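Visitor: Please take me through one part of this model in close detail. I would like to look at the place where the two chains meet, and then at what lies behind it.

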Amino acid sequence: MTTPALAAADAMAITRRNLIKYLRVPNLIVFSTVQPVMFVLLFAYVFGGAIKGALPPRVHYIDFLMPGIVVQTVVFGSTQTGVGLAEDMTKGIIDRFRSLPMARSAVLAGRTISDTVRNLAVVVLMVLVGTLIGFRIHTGVLPALVALGVALGFGFAMSWISATIGLVLRDVETAQSASFVWIFPLVFASSVFVPLRTMPGWLQSFARANPITNVANAIRALTLGGATTRPLLYALAWLSAILVTFAPLATRQYRKVA
Amino acid sequence: MWSTGPVSGVDDVDGAAIVARGLKKRFGSVLALDGVDLEVPRGTVLGLLGPNGAGKTTAVKILTTLLLPDEGEARVAGFDVVRQQEELRAAIGLAGQYAAVDEHLTGRENIDLVGRLYHLPRDEIRRRTGELLERFDLVGAADRPVKTYSGGMRRRLDLGASLVGRPQVLFLDEPTTGLDIRSRLDLWEVIRQLVAEGTTLLLTTQYLEEADVLADRIAVIDRGKVIAEGTADELKSHVGGEVVEVAVRDRSRVREAAAAVVEVAAGAATQTQIDEAEGRVAVTVRGDASVVVDVVRRLDREGIELADLSVHKPTLDDVFLALTGRVAEPTAGQAA
Ligand SMILES: Nc1ncnc2c1ncn2[C@@H]1O[C@H](COP(=O)(O)OP(=O)(O)OP(=O)(O)O)[C@@H](O)[C@H]1O
Ligand SMILES: [Mg+2]
């Protein structure tokens, strides 16, 4: 049996291989940053004025928006996990990996870890841009780091959903477009861009339960200030629920098809 | 884990690097493998020869643990393909039908990655990578991303990567398909060297010539079944025996000559071809070529003068046609 140490080394080898691609094709990072930056600018300047009235007093829209955009970014980023796996599968690279005496878990672990590292790079770039147009963290370094950890952890969990889908569909384009079918409603029917109370009642109930809302709320609490325990617990509950459901599903699907 | 006990049928073959018994695999309504038996002694080369869709890749995937068989069993390097996958993988190398190299990594990084995944020590990986780049003539391109490589370079890199772990048993699935003649000949040379060093090789191909040149034994597979197995010579003689070909000086007597040859061969003649324009007769006879002596005597007695006389074995193309009823893919020399 591969020992945990070997399994970790294998996952790292795969992670490294995936990250080299992002380094060699830096446009991938640039464009995945441009999109959320456009969202920030669009919402801050176009809708910001209209939304402002619905915000709690003395909260700037940009401070409300950035945590939401961070969640949106990691969720969009996580869709690349399924795409990357589908790509490796169609190119036969996974067949090579599976013929090697490496840990079985390494391909999925390496892919989800490298997408998390990529998410980290994109989020850092975005927060820098946000800072330029007025975004401020009102708490401190530690809560801000916890917020970053929650965001990345959520992206990591979502990567396993994406992995499951990519392994089921096994086709790059289909995996790409399929992810938007479920990601879009989730992202927009949430508190990412607007406070929930501006929504009709039926939508509010959905949006309130939406994991994206819960994670965005936790990040807001950690960066804007206020009570953090409850939002953080809800966010972590969702994060773990997604992980314990989809990590085994993706693993099972990987064994079946790859 | 406790010993699994002897596996009936596959354990009792000494010295075999690959043993398969009754492998079956179904994909929906397609029976890709329909009871395949194979046996490859250590240090030898088996050519698995078959047309598109015959089941070659499916067989390779089962033997390399990428697919589980529905029925049957197999051992590679002594390890069971279902129960001892991890040990088995450490003993084999695989270059699949499509070069499985990473476009964005350099050639060196590709080999290095595979070395890490074989869990080789770092300095050995470095040494091996250098050796293999050299051997496959990729030193100049070693630090360029693979997406700048030609098809032949990718194939060579893929083969190089499959050798990092010094596998006891190597599987090459159509290693030269799509290569031009030069690259193909180069690759044959490298494969021959590997085999000379003692690697056991299972090679699939659609090219008769390739199987003839590289393989010690050939298994012809068609529609999921091994329909013939043996050395190239055995297969040829199994199907056609020998072809006795005579050319007569007086072309008007060619039919007479053909009748005489068939009569001399008695029941052994299986096929007769007459080319009146050239004055040639080709008769396929079962068994050996001793009949030639009688042919010469008989023609001499009848006063039929010979311009030429030859005896040759049928080619693998003849074998393939006879076995499958279909013409094989173009041979390596004609393709490209
Ligand atoms: N994953 C799969 N799903 C469905 N059918 C499959 C699958 N893999 C193989 N087949 C079918 O099984 C049969 C054998 O395929 P296989 O790939 O083993 O043939 P092959 O001899 O390698 O052919 P080729 O020379 O074209 O590579 C074919 O009819 C093929 O369509
Ligand atoms: Mg094939």
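**The contact between the chains, and the chain behind it**

Guide: Lys25(B) is buried, because its relative accessible area is 11%. The model is predicted.

Start at the interface. Chain A gives 25 residues to the contact and chain B gives 30 residues. The two chains bury about 2500 Å² between them. Carbon and sulfur atoms supply 56% of that area. The size of an interface is often given in this way, as accessible area lost when the parts come together.

Now the polar side of the contact. Four salt bridges are counted between chain A and chain B. Ten residue pairs are in polar contact across the interface, both residues being at pLDDT 80 or more. On the side of chain A that touches chain B, two elements give two or more residues: α1 (4-24) and α4 (93-98) of chain A. The largest share is that of α1(A), with nine residues. By residue class, this side of chain A has twelve nonpolar, three polar and ten charged residues.

Which residues form the salt bridges between the chains? One pair is Asp102(B) with Arg17(A), where the closest N and O atoms are 2.5 Å apart. This pair belongs to a network of salt bridges that links Arg17(A), Asp88(A), Arg111(A) and Asp102(B). Side chains of opposite charge can pair when their charged atoms come close.

A further pair joins Asp158(B) to Arg96(A), at 3.0 Å from N to O. It runs between chains, from helix α5 (residues 151-162) of chain B to helix α4 of chain A. Asp158(B) is buried, and Arg96(A) is buried too.

Stay on helix α5 of chain B. Leu157(B) sits in this helix. Leu157(B) counts as buried because its relative accessibility is 0%. Beyond its neighbours within four places in sequence, Leu157(B) touches Val101(B), Gly107(B), Asn110(B), Ile111(B), Leu138(B), Val146(B) and Tyr149(B). Asp137(B) is 20 residues from Leu157(B) along the chain, and their C-alpha atoms are separated by 9.3 Å.

Thr129(B) is part of helix α4 (residues 122-135) of chain B. Its relative accessibility is 3%, so Thr129(B) counts as buried.

Back to Lys25(B). Its salt-bridge partner is Asp70(B), with the closest N and O atoms 3.6 Å apart. Lys25(B) is in strand β1 (residues 16-27) of chain B, while Asp70(B) is in the loop between α1 (56-63) and β4 (71-76) of chain B, so the pair ties together parts that are 45 residues apart in sequence. Asp70(B) has 44% relative accessibility and therefore counts as partly exposed.

The loop between α1 and β4 of chain B also holds Thr65(B). Thr65(B) is not a glycine, yet its phi is positive, about 70 degrees. It is buried, because its relative accessible area is 1%.

Arg170(A) has a positive phi of about 55 degrees, and it is not a glycine either. Arg170(A) lies in the loop between α6 (141-169) and α7 (172-188) of chain A. At 42% relative accessibility, Arg170(A) is partly exposed.

One more salt bridge belongs to chain B. The side chains of Arg192(B) and Glu189(B) meet at 3.6 Å, N to O. Both residues lie in helix α6 (residues 181-196) of chain B, three residues apart, which is about one turn of the helix. Arg192(B) is partly exposed, with a relative accessible area of 39%. Glu189(B) is partly exposed as well, at 38% relative accessibility.

Finally, step back. Over all chains, the structure holds 32 salt bridges. Chain B is assigned two domains: domain 1 (16-236) and domain 2 (241-313). Their C-alpha centres lie 44 Å apart.

Technical notes:
Residues are numbered from 1 along each chain as its sequence is written. Chains are lettered from A and ligands numbered from 1 in the order in which they are written. Side-chain values use heavy atoms; hydrogens and water are left out. Helices (H or I, at least four residues) and strands (E, at least two) are DSSP runs, numbered from the N terminus. Buried means under 20% relative accessible area, exposed over 50%, partly exposed in between (1.4 Å probe, protein chains only). Contact means heavy atoms within 4.5 Å. Buried area is the accessible area (1.4 Å probe) that two parts lose on being put together, summed over both. A polar contact is a pair of N or O atoms within 3.5 Å; within protein, one must be able to donate a hydrogen and the other to accept it, and residues adjacent in sequence count only if both atoms are side-chain atoms. Ala, Val, Leu, Ile, Met, Phe, Trp, Tyr, Cys and Pro count as nonpolar, Asp, Glu, Lys and Arg as charged, and the others, Gly among them, as polar. Domain bounds come from an automatic or database domain assignment.
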